[in-house]
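Q: Could you take me through the labels attached to this model, and say in each case what the label rests on?

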Amino acid sequence: MSITLARTRAVYDLTEVQEALDRNRGRSPELDAFYERMLETGADRFVTTPSSVDALDPLFEECPNFDEVLDDLARYLRLAHAGDKGFNVMPILLLGGPGVGKTHFAKRLARAMSTECELISMNALSAGFVITGSSASWRGAKCGKVAERLVRGKYANPVLVLDEVEKASGSTQSDPLAALYQLLEPETSKAFRDEFIDVDVDASQIFWVLTANSVDGIPSPLLNRMAVYEVPKPTPEQAAGIAQRMYRGLVEELNLGGFDDVLADGVLDKLAPVSPRDLRKTLLDSLGYAVADGRAHVSVDDIRLRQAPGKSRIGF
C-alpha cells in the first residue's frame, strides 16, 4: 500500500490578509467573508508526494495511450524521491482528438497524487476573470478559480485542468490566457495576485494540465512554458484492456459476484467505437440489460451504442 507523503506550505501571508481586511472592511460583504475565511483556515496547505516511485504504475494500465507522458512523470517522481523534494514538474499540454481520455487522465493523475482536481472549461471562457478574479469594486465580483482553490481547498499542489485551452476567446481588454504567462512560470507564480482579494497567493505548487485538440490558437510563448505531448487514440489491444478493467471495476463496485470475470471478444469488438468518456455509461447500461434479462454475463446485444444525429462518434 502506498502512503502519501505530505508537508505543509504557506500559500499566503496572514498579516497581509489582515491588513487587506482592515483596509477594505465594509466595502463588500463577500470580500469581508472571504478574508475572514482566509484568516480562519490559516495559510498552510498540504503539498503531497506519493511515497512510492511506483505510484503511477496503475495509470500505465488504465491509460495506456498516455505512456509517453507517464514515462516522463515517473522519471520526475523518482527524481523527487532521490532529492527528497516535492513532486513538482513543469505544466503539461495534452494534445489529442475528442474522446482519447485527456480529462480522465488528468483526474486520475490527481488521485494518484492524493490531491484535489479542479476542471476549468476554456471552451466557454470569454474573459480571464474566471482565472484571475475580478475587482471587488465591480458588481457581482468574485474570486478567481486559482485563489479560490488554494484558499478553500486543503492542498497547495492541486491539479488544475484547463480543458480545450485553444478555444478560449477574449478581447483587447480581456485576454483569458494572459494570466497563464505568470501562472505557468515557477518564479512569478509564487506571488500571484487575484484581483478580487488583492493579496499575493503562492500558486507555484499547482500541477497544471492543459488539454487541446491542436496547438492552433495557442500563442508560442505559452507553448514554450509547457511540455507538449501528443496523445494517440488507444490501439485495439489497448482499448480492449481499458474496457476489461473498467468492466471488472464495475462488477466489483456493484457487487455483481456472479458475473463473468471477462467480456467476450464479440462484446469488446462492439465496444471499440466507444470513447473513454462514454465507456462507463455504456458498460453500466449493458450490465443493467443483462440483469434485467436474468443473465450473469454481458452479450453483444447488451451493448447499445448511441449516436447523435448528423455526427460520427470519435473513439478508439
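A: Let us start with a loop: aspartate 198 is found in the loop between strand 6 (192-193) and strand 7 (200-201). The model is a predicted one, and the phi angle of aspartate 198 is near 55°, a positive value in a residue other than glycine.

Q: Why is aspartate 198 called partly exposed?

A: Buried means under 20% relative accessible area and exposed means over 50%, with partly exposed in between. The relative accessibility of aspartate 198 is 36%, and therefore the residue counts as partly exposed.

Q: Why does lysine 190 count as partly exposed, and what does lysine 190 touch?

A: Lysine 190, in the loop between helix 8 and strand 6, has a relative accessibility of 41%, and so it counts as partly exposed. Leaving aside residues up to four places away in sequence, lysine 190 touches Arg9, Val201, Asp202, Ala203 and Ser204. Between lysine 190 and asparagine 157 there are 12 Å in space, C-alpha to C-alpha, although the two are 33 residues apart in sequence.

Q: What makes strand 4 and strand 9 the edges of the sheet?

A: The sheet is open and is formed by five strands in the order 4-5-8-3-9, with parallel pairing. Strand 4 (117-121) and strand 9 (227-230) each have a single partner strand, so one side of each is left without a neighbour in the sheet. From one strand to the next the twist averages 20°.

Q: How do you know that strand 4 pairs with strand 5, and that strand 5 pairs with strand 8?

A: Pairing requires at least two bridges between two strands. Strand 4 and strand 5 (residues 159-163) are joined by five bridges and run parallel, and glutamate 118 has leucine 160 in strand 5 as its bridge partner. Strand 5 and strand 8 are joined by four bridges, also running parallel, and here the bridge partner of leucine 160 is tryptophan 208 in strand 8.

Q: Why is strand 8 described as largely enclosed?

A: Six of the six residues of strand 8 are buried, so the strand is largely enclosed by the rest of the structure. On one side these are Phe207, Val209 and Thr211, and on the other Trp208, Leu210 and Ala212. Strand 3 is also covered on both faces, with Ile92 and Leu94 buried on one side and Leu93 and Leu95 on the other. Helix 4 (residues 67-82) lies across strand 3 (92-95), strand 8 (207-212) and strand 9, and runs at about 145° to strand 9.

Q: Why is helix 2 called oblique to helix 7?

A: Helix 2 (residues 29-41) and helix 7 (residues 145-152) pack at an angle of about 40°, their axes lying 10 Å apart. Angles under 35 degrees count as roughly parallel and those from 65 to 115 as roughly perpendicular, so helix 2 is oblique to helix 7. In this contact Phe34, Arg37, Met38 and Thr41 of helix 2 meet Glu148, Val151 and Arg152 of helix 7, a group made up of three nonpolar, one polar and three charged residues.

Q: Which residues of the largest nonpolar core touch the most other members?

A: In this core of 47 residues they are Tyr35, Leu93, Val146, Leu180, Leu183, Ile197 and Trp208. Among the elements that each supply at least two residues of the core are helix 1 (14-24), helix 8 (180-183) and helix 9 (220-223). Isoleucine 197 touches Leu31, Phe34, Tyr35, Met38 and Ala147, not counting residues up to four places away in sequence. Another core, of 29 residues, lies apart from the largest one and includes Leu77, Ala80, Met113 and Val159.

Notes. Residues are numbered from 1 along each chain as its sequence is written. This is a predicted model: local features need pLDDT of at least 70, side-chain atom pairs count only at pLDDT 80 or more; totals for chains, interfaces and linings use all residues. Side-chain values use heavy atoms; hydrogens and water are left out. Axes are lines fitted to C-alpha atoms, for helices over the stretch in contact, and angles run from 0 to 180 degrees between N-to-C directions. Contact means heavy atoms within 4.5 Å. Angles under 35 degrees count as roughly parallel, over 145 as roughly antiparallel, 65 to 115 as roughly perpendicular and the rest as oblique. Ala, Val, Leu, Ile, Met, Phe, Trp, Tyr, Cys and Pro count as nonpolar, Asp, Glu, Lys and Arg as charged, and the others, Gly among them, as polar. A nonpolar core is a set of buried Ala, Val, Leu, Ile, Met, Phe, Trp, Tyr and Cys residues joined through side-chain atoms within 4.5 Å. Buried means under 20% relative accessible area, exposed over 50%, partly exposed in between (1.4 Å probe, protein chains only).
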